[in-house]
Amino acid sequence: WLKMPNAEVLSWVRSRFMPHIWCPGCGHGVIMHAIIRALIGIGADRKNTVLASGIGCSSRMAGYINACTLHSTHGRSLAFATGIKLHRPELTVVDVMGDGDCTAIGGNHFIHACRRNIDITAIVMNNNIYGMTGGQASPTTPFGAWASTTPFGAIDPAFDICRLAEGAGASYVARTTIANPRQAETYITNGIRKKGFSVIEVVTHCHTQFGRKNNRRLPIENYNFFKEASIPLAKAQTMSPEELEGRIVCGEFVNKDVPEYTEQYQKLVIDKVRG
């Protein structure tokens with residue numbers, strides 16, 4: 001994993017936009033590195049790789065990765081990515097989102113992208129908070145956690161992003177954390193290679209907006225929390241709901257072969273119109 005030449009990795013980074021805007025210790029840099037290494041590992045061509053994003057700290061990644069990039073509006077990146085993939089199905093399309101960007105304002109686009117099973121890889125950086133806009137609670141904020149909009153602790157049930165994606169029809173669904181960057185790279189690689197809609201949830205942290213208000217003020221405290229709380233899917237399947245409370249279940253939840261949207265569109269619409 002450590003043998004990939006740094007020069008090759010750096011060729012995928014827009015150095016003119018450095019230093020980045022992320023807080024020191026933010027996990028988004030770990031995820032960006034995993035994405036770049038996954039793209040290099042599959043032999044992706046920068047000119048034929050599209051990275052779409054919406055709004056938020058995670059979405060700044062579209063400015064930092066040296067490929068064909070699109071920084072779109074809040075929650076709408078999958079709509080833009082869908083248009084790109086339909087027009088140019090041969091392109092490798094990756095969409096990076098935060099938990100709020102994906103499951104709140106972008107929730108409808110997310111479930112329908114899963115339903116269509118269009119060949120896009122969605123990487124959801126879940127830090128349980130709206131980090132850029134003031135620390136508001138998101139749909140994944142844990143029960144009881146403090147946020148600027150939940151001064152007495154969150155009482156809304158949190159979304160399970162992977163279960164949501166599975167239920168909506170995605171062909172590949174996986175979860176890991178920034179404490180295991182090698183696993184993140186593996187799952188992102190598998191997701192890009194999968195013919196269909198892939199969802200990789202990477203649990204990360206915002207120590208600025210979430211951590212310092214919920215007893216994990218330092219980046220290393222969040223990293224250690226993820227290491228200690230993570231359990232593999234195989235082990236989780238042997239545990240009771242009480243034992244799973246507060247744990248982060250990591251693994252590949254879905255890996256199935258179902259018809260992909262652009263191929264179906266070509267076959268059922270384009271070919272008939274031309275024929």
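Predicted model: local features only at pLDDT ≥ 70, side-chain atom pairs only at ≥ 80, totals over all residues.
Asn128 lies in the loop between strand E4 and strand E5 (129-130), and if you display its backbone you can look at its phi angle, which is near 65°, a positive value in a residue other than glycine.

Next, move to Asn117, which is found in the loop between helix H6 (107-116) and strand E4 (121-126). Here too phi is positive in a residue other than glycine, with a value near 60°. Is Asn117 buried or exposed? Its relative accessibility is 2%, and because buried means under 20% relative accessible area, Asn117 counts as buried.

Now select Met18 and Pro19 together and follow the backbone from one to the other, where the peptide bond is cis, with omega near 5°. As you zoom out, you will find Pro19 in the loop between helix H1 (6-10) and helix H2 (28-41).

For the last stop, select helix H4, which covers residues 77-87, and colour Ser77, Leu78, Ala81, Thr82 and Lys85, which are buried. When you turn the view to look down the axis of H4, these buried residues fall within an arc of 135°, so they line one face of the helix.

Key: Residues numbered from 1 in each chain as written. Heavy atoms only, no water. Helix = DSSP H or I, 4+ residues; strand = E, 2+ residues; numbered from the N terminus. Buried < 20%, exposed > 50% of the residue type's maximum accessible area, 1.4 Å probe, protein only. Arc of directions from axis to C-beta.
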